[in-house]
Amino acid sequence: MKRSTHLTLTGYAFIAPWLAAMVFLIGYPFAASLYFSTCEYPPLRGPLFIGAGNYQELAHDAVFRGSMLITIIFAVVAIPLGVVLALTLALFLNSRIRGRSIYRVVYYLPHLVPSVAVAILWMWMFNPQFGILNVLLSPFGKIISLLFRPFAAITLGVPAWLGLILVAITFALWRWLKRLSSPLFQSEVRGDSLKPGKLWNLNQWSEGRRVLASRLSGALFAAAMLFALALWLSPSDIMKVQSPGWLTDSNPFPSMLSVAPSWALWALIYMSLWGVGQMAIIYLAKLQDVPVSLYEVADLDGANWWQKTRYITIPMISPVILFNVVMGIIGAFQVFTEPYIMTSGGPEDRTRFIAMFIYDQAFQYQRLGYGSAVAWVLFLVIVGLTLLALRISRDRVYYAAR
Amino acid sequence: MSSSDKPTPWYLATPVHGILLVGAIFFVLPLLWMIATSFKPLEQTLKVPESITEALVGVGHRAEIDGRVYEVVLERQIMPSADDPYWIVRPLEEFPAGEMTHPFGPETWRKYPIFNQEELQRMEAIVTSRMKVLADRINPYDDENGILRLQSGREVKAELVKALQSVDGGEQLWLVREWRSEDTDTKEVGSTSADITRAWAVLPESGIRRSIRTIPQNYPAALRRVNFVRSFLNTMFVCVMTVVGVLISSLIVAYGFAFIDFRGRESLFKMTLATMMIPFPIVMVPTYLLYRKLGWVGTFKPLWVWSWFGSAFFIFLLRQFLLGLPKDLLDAARIDGCSELEILWHVVVPLTKAPLAMVALFQFLGSWKDFMGPLIYLNNSSQFTLSLSLQSFSSEHGGTPWHLLMAASTVFSLPLIILFFFTIRTFIRSMSTTGLKE
């Protein structure tokens, strides 16, 4: 009894500083922010309770809705791109080749540049007249426009929704054929529910034929995707690819898709991919923890590289991927420095990220209460998106038994 | 690409090298472009690079003027004709430079922000009889009477050096002006009256040679502009205070969470983890108001005091590491009668050096790069950290002096890159043990 009291006292003495921080620097602001969100807060006077007024105003604030949308679009585009790029890099960096430690350093370097310097550097990169990006891009842009111009001429009259329908149909076909030809499905259904004669006798096809069919439908799906993309691209988009105005251009790309990121947002997405080396190094560390025995067993079964990656590597590091996605969501809602310095929210509010919106409300317009209300909506959105990510991933993430 | 120990055969290694190299170019290119620009002359940042060499290397020109070889700037091409004649004349009387559109011709004003009429007038530059000026349509020279008619209406006596009334030999003529290294800082130019005394000439293209022009002087100029010494000291102060604070407080708290078995420990630790999920914008406003109430806005305190109370991420990190230490060691020390603090200092710290180094490194990086904190809490430019000085330099100019901005950015990034190469082992270890930060 005496000893446990003593232990408790010592324990609390040790964590006392952190307890104080949790109470005063996190707990209090967190709760106060909820209270302020229901107040009018003129900076020189105290908070005045006004109930749900701020939230009602929010519901009608087009700039707020725009900046929420932009932040979500950024998250939806930049996070998957970042994860795929980082994973690909990590897989390549994990191969046993000479000089890979040099590659690792090179890919990590951008992470060491402070964000203010990154922002200024990329403003210069994206400079439409003298920036090196457009100088390098113009030959590629010419190739792209050469490839797409005849295509665009054909697709000019076709409505854009047709592309989406084609994509959906080919996707369904592909998945269906793939599932039918998977060994698991074969062993499950063959014999009982699938009688010969049903499903166009597909289960009577030979193995090779089935695989061929599924591959062909996969190719069809890819073609439909390209076709749909081409439908979205207007001739002016294709012209623009040669030298985009980047940070100064508020038009969406592709221009027919109004929810598509604007060129300015694409620039920020592109820039965010530059810092992906950090994530790649984390994946790399986890890749090296995957037990070699798994690959050896797969080798015995005659698995190829893709199968090993798809069925061993990715499931084994899926917890880290999930972690990165969740942190990416939280991070997207904190993006501030880059738009603040590079575009100050413009052009036409197309890069006014939500963190910047809060900063503007609170510190530029001195609307502390309104800023707090936005912060709370933001918090709920983050919680919601994080739960969604966890939910979606529940059956897709593999946790090794410890 | 598998993790087996066999080296990759060449036919696989080659494409992997190829892809990694292309990727590496993408990752290094911005850094190269930054460093390349930081050594370029101003003129070149206002010009589309015509080749890769020109994009990465500073290019200038050299020409012989009056028997001496100068580094020159090509001001503009001139095409004298009967309708548009030019004269190089030497005035015999003194007159204020502002009375002429420009001693080198009118177009120069518009083209170069570094050289404008207002500035010439402000410094009251005087054209003396030792100089030559370029007379043109707007400030014509009357050869018969030996009179130069200034734009202001005044007439001064002048003698003709050379009349340029047609392009001879079909070669293009360039108006070139002596280039000096101080031209690199847009602020310095125009503030000395020596500017109009520079050597200049009208030369055919064959008299001008291209040369590599690397300008290390961009660096001192840029550092002056961001008030480097002051900002650096401010940044270092915040960095040192936060690093020391985070090390001490997080280790103590982590020790409490790891080794002292008190009631409520698990739930408090879970809460600690949960706090990591709260984005800063949510607590930004009340935190600001709290610090304002304490009278800390406009001081460095909001930037470092928090660190002395611990940081969730580092507490988590250190606790994970501490749990891996052999418990027997601690028990032995307890039996010998050591207090918990003594155990922490004499037993745990010597074993925790590597993770502590990692924490220090992470926090240093974080404080060095921080922008939003200084932006919110600092309002006096003598307190600005490097991030804030750099940002205010860039926004002041709407981002035109790219060569200086790039030089300042390079200097700003360099300490982290140097630190990285010195602590590469700690870095790699931290990556593989935690893999969590950011």
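Analyst: Strand β10 (residues 173-178) of chain B pairs with β11(B) in the antiparallel sense, over five bridges. Within that pairing, B:Trp174 stands opposite B:Leu203 in β11(B). This is a predicted model, so everything here describes a prediction.

On another pairing, β10(B) meets β2(B). Six bridges join β2(B) to β10(B), and the two run antiparallel. Here B:Val73 has B:Arg177 in β10(B) as its bridge partner.

Next comes the hairpin. Strand β1 (residues 59-65) of chain B and strand β2 (residues 68-78) of chain B pair in the antiparallel sense, over five bridges. B:Ala63 stands opposite B:Tyr70 in β2(B). Two residues lie between the strands of this hairpin, and B:Asp66 takes a positive phi near 50° there.

Now put the pairs together. The five strands form an open sheet of chain B in the order β11-β10-β2-β1-β12, with antiparallel pairing. The edges belong to β11 (200-204) and β12 (208-212) of chain B. Each has a single partner strand, so one side of each is left without a neighbour in the sheet. Neighbouring strands of this sheet are turned by 50° against each other on average, direction ignored. As background, strands of a sheet pair through backbone hydrogen bonds, either parallel or antiparallel.

Chain B has another open sheet to set beside this one. Its five strands follow the order β6-β3-β9-β8-β7 (chain B), and the pairing is antiparallel. At its edges stand β6 (133-135) and β7 (141-142) of chain B. Each of these has a single partner strand, so one side of each lacks a neighbour in the sheet. For β6(B), the bridges to strand β3 (residues 86-91) of chain B number three, and the two strands run antiparallel. B:Trp87 has B:Ala135 in β6(B) as its bridge partner.

Helix α1 (residues 10-38) of chain B packs with helix α16 (residues 402-422) of chain B at an angle of about 120°, their axes 7 Å apart. The two helices, α1(B) and α16(B), are therefore oblique to each other. The crossing of α1(B) past α16(B) is left-handed. On the α1(B) side the contact involves B:Met34, B:Ile35, B:Thr37 and B:Ser38. These meet B:Trp402, B:His403, B:Met406, B:Ala407, B:Ser409 and B:Thr410 in α16(B). By class, the residues of the contact of α1(B) with α16(B) divide into five nonpolar, five polar and no charged.

Finally, the partner chain. In all, 79 residues of chain A are in contact with 81 residues of chain B. Helix α1 (residues 2-36) of chain A gives the largest share of the side of chain A that touches chain B, 20 residues. That side of chain A has 61 nonpolar, 15 polar and three charged residues. The domain assignment of chain A gives domain 1 (55-128 + 254-402) and domain 2 (133-243). Seven residues of domain 1 of chain A are in contact with nine residues of domain 2 of chain A. The domain 1 side of that contact has six nonpolar, one polar and no charged residues.

How values were computed: Residues numbered from 1 in each chain as written. Chains lettered and ligands numbered in written order. Predicted model: local features only at pLDDT ≥ 70, side-chain atom pairs only at ≥ 80, totals over all residues. Contact = placed C-beta atoms within 7 Å. Helix = DSSP H or I, 4+ residues; strand = E, 2+ residues; numbered from the N terminus. Nonpolar A, V, L, I, M, F, W, Y, C, P; charged D, E, K, R; others polar. Pairing = 2+ DSSP bridges. Axes fitted to C-alpha atoms, helices over the stretch in contact; angles between N-to-C directions. Parallel < 35°, antiparallel > 145°, perpendicular 65-115°, else oblique. Left-handed = near helix turned anticlockwise from the far one by under 90°. Domains from an automatic or database assignment.
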